[in-house]
Amino acid sequence: MLSNAKGVYIIAQTPFKENDDIDLESVDTLTDFYFSHGASGLTVLGVSGESNKLTFGESVQVANRFIRRAQGKPVIVGVSNPSIAQLDELTKRVMDDGASGVMIAPPNGLRTDQDILNYFEAVFKRIGDVPIVLQDFPFSTGVWMSVPVIAQLIERHPQIQVIKEEDIPSITKITRLRDLPGRRVAILTGNNAMFLPLELGRGIDGPMAGFSHPEMLSSVYNLYTAGKTDEAHKLYNCYLPLLSYENQSQWGVAVRKEVMRRRGALKHAGMRSPGPALDARAHAEIDMLLAHQQQALAALGN
């Protein structure tokens with residue numbers, strides 16, 4: 001059950017070839033890369049996975065390839081869509097293919113608490129008994145879900161098994177969600193893992209974030225949950241400059257893909273057009289950040 005989700009649920013990138021076609025072979029190498037570096041599960045077709053650039057058929061194809069390569073490990077698929085009919089169809093397809101659940105965020109345009117409750121009532125009536133990750137990401141959606149509204153959604157819809165919490169400030173909202181009475185759901189966090197050690201201190205079950213070095217996410221999680229909080233913070237700080245550099249919306253995704261290409265996870269680093277391209281200066285900055293990261297890790301003894 002997703003309600004028992006723990007560890008790193010990495011946000012997977014969607015690999016593309018130089019001609020903008022989907023690179024399915026790189027889906028395989030990327031999946032292997034994530035799991036070999038400590039991921040507990042994958043989340044595909046997320047915001048940073050360029051899901052808005054895919055056709056419906058491509059979305060099914062990409063999700064299916066990740067699911068098959070994961071060989072039974074958990075794969076969550078983002079299905080958010082203003083059209084409930086299309087959301088329902090994609091949900092059915094990926095669940096039939098073996099997805100562990102789907103992630104849904106409210107569509108832009110919901111303005112009141114009742115709008116949010118009505119929307120999800122309609123969604124769950126349509127899709128039925130499917131494990132759900134409820135994504136709370138107002139920076140992307142433009143929809144702010146209060147803790148009382150999230151509590152009502154959890155109470156009304158047992159399908160909700162995970163909250164992906166990435167409101168700002170995340171840490172205070174996590175504490176309020178953790179303090180809710182009633183049914184426990186897992187809490188995973190995004191925001192490019194920019195606040196991961198602090199969020200672990202507030203009681204999350206792990207990150208659901210993307211980073212070119214997923215071993216940092218898994219190692220920090222393992223150290224923190226083992227009670228080695230000081231070591232977790234020190235390790236995290238070694239990666240923070242690069243992590244911050246990747247935390248620049250779609251341009252940061254281009255950086256992440258380039259670093260993972262260098263690490264052998266992807267054959268091509270490009271994003272589907274229209275998308276940002278890195279120039280020589282950006283490549284030099286990546287070189288510098290990676291060198292500083294290695295120096296910091298060496299000084300730490302890693």
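Me: What makes the strands an open sheet, and in which order do they lie?
Reply: Eight strands pair in parallel in the order E1-E2-E3-E4-E5-E6-E7-E8. The sheet is open, with strand E1 (9–11) and strand E8 (206–207) at its edges, each pairing on one side only. Strands (E, at least two residues) and helices (H or I, at least four) are DSSP runs, numbered from the N terminus. The model is a predicted one, in which local features need pLDDT of at least 70 and side-chain atom pairs pLDDT 80 or more, while totals for chains, interfaces and linings use all residues. Residues are numbered from 1 along each chain as its sequence is written, and side-chain values use heavy atoms, without hydrogens and water.

Me: How do you know that E1 and strand E2 (residues 41–44) are joined?
Reply: Two strands pair if DSSP finds at least two bridges between them. E1 and E2 have three bridges and run parallel, so they meet that definition. Tyr 9, for instance, has Gly 41 of E2 as its bridge partner.

Me: At what angles do H3 and H7 run to E4 and E7?
Reply: H3 lies across strand E3 (75–78) and strand E4 (101–104), at about 155 degrees to E4. H7 lies across strand E5 (132–136), strand E6 (160–165) and strand E7 (186–189), at about 175 degrees to E7. Such angles run from 0 to 180 degrees between N-to-C directions, with axes fitted to C-alpha atoms, for helices over the stretch in contact (heavy atoms within 4.5 Å).

Me: Why is Ser 59 called buried?
Reply: Ser 59 has a relative accessible area of 8%; buried means under 20%, exposed over 50% and partly exposed in between (1.4 Å probe, protein chains only), so Ser 59 is buried. Ser 59 belongs to helix H2. Leaving aside neighbours within four places in sequence, Ser 59 is in contact with Leu 45, Leu 54 and Leu 90.

Me: What makes Glu 50 buried, and what is its phi?
Reply: Glu 50 has 0% relative accessibility and therefore counts as buried. Its phi is positive, about 60 degrees, although Glu 50 is not a glycine. Glu 50 lies in the loop between E2 and H2.

Me: What is meant by the largest pocket, and which residues are closest to its centre?
Reply: On a 1 Å grid over the protein atoms alone, a pocket is an open set of points with protein on both sides within 12 Å along at least five of seven lines; lining residues have an atom within 4 Å of a point. The largest pocket has a volume of about 1200 Å³, volume being the space filled by probe spheres set on the points, which are joined across faces, edges and corners. Of its 47 lining residues, the closest to the centre are Gly 46, Val 47, Ser 48, Phe 137 and Ser 140. H11 gives the largest share of the lining, four residues.

How values were computed:
1 Å grid on protein atoms, 1.4 Å probe; cavity = no way out; pocket = protein on both sides within 12 Å on 5 of 7 lines; lining within 4 Å.
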